[in-house]
Amino acid sequence: ESVSVIIPAAGQGKRMGASVPKPFLSIKDKPVLWYTLTRFLTNPLVSEIILVVSPAIREDAETLAASLKSTIPVKIREGGKERQDSVWQGIQAATPGNSVLAVHDAVRPFFAPSVLHDGMQLLKKFHGAAAGIPVVHTIKKTEGQEITGTVPRDSLVQIHTPQLFHASILKTVYEKAYSDHFYGTDECMLAERYGYKLAVIPDTPDNIKITTPFDLQMAEMLVKKYES
Ligand code: C5P
């Protein structure tokens, strides 16, 4: 079976407060996107990558993809207003014969290499599967400053990407969401809405989403960890 990996990288990244778009921020001397692409291009399950970018980084993304000299094709498409619109562009660009679609945020370069394999196993029993880790914090509900309750932690999981789906299911879910004008923050949120069965793929806390300047410092540490 072959996996088409869709990488949304078309965000504006306002929370970072940097002038460089997040996928091109440097960790040591390479862009965030270099690490993300390299991790997929060295995975034998991957048959193509669809990288979804903003017009502002299109040229840099093309140059970076070409520099990786991989035999696995990297298609580049332009994204949309919301993450969901960008992923939809990627879904439409995937080679129709590929049975599995994996969606992965460009700004998560450190997902566990085992998640694609483990996710594929889960697709034998589930419609979709998403990388995640148990929640270690105590989570409270609030109204303004006031604490109004505690959410039992043992039933909570912090969900990451990659998120894998049978290709036809992800396509159907997106079409339904568009016809309902429903927007979610990840693929699972759409699939849940339409009653599909989804599973968690065990991931590690290393799979950070590079969102703030603190995350970039963490990323420097993680690159050192994987180098040694
Ligand atoms: O918006 P959020 O921070 O959740 O972004 C997660 C990923 O989605 C990032 O890799 C970002 O570049 C991408 N994104 C996108 N198109 C948008 C918004 C976000 O591809 N319109």
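The model is a predicted one. Lys69 sits in the loop between α2 (58-67) and β5 (74-78). Its phi is near 45°, a positive value in a residue other than glycine.

With 6 other C-beta atoms within 10 Å, His181 is exposed. As background, most residues other than glycine have a negative phi, and most peptide bonds are trans.

The backbone also has a cis peptide bond, which runs from Thr161 to Pro162 and has omega near 5°. Pro162 is placed in strand β10 (residues 157-166).

Another proline, Pro202, lies in strand β11 (residues 198-202). Pro202 is partly exposed because it has 13 other C-beta atoms within 10 Å, a count between the limits of 12 or fewer for exposed and 20 or more for buried. Pro202 and Gly119 are 83 residues apart along the chain, and their C-alpha atoms are separated by 9.0 Å.

The ligand is surrounded by 14 residues, the closest being Pro8, Ala10, Gly11, Ser86 and Ala106. Two elements, β1 (3-9) and α3 (83-93), each give two or more residues to this shell. By type, the shell consists of six nonpolar, four polar and four charged residues.

Conventions:
Residues are numbered from 1 along each chain as its sequence is written. This is a predicted model: local features need pLDDT of at least 70, side-chain atom pairs count only at pLDDT 80 or more; totals for chains, interfaces and linings use all residues. A residue is near a molecule or strand if its C-beta atom, placed from the backbone, lies within 6 Å of it. Helices (H or I, at least four residues) and strands (E, at least two) are DSSP runs, numbered from the N terminus. Ala, Val, Leu, Ile, Met, Phe, Trp, Tyr, Cys and Pro count as nonpolar, Asp, Glu, Lys and Arg as charged, and the others, Gly among them, as polar.
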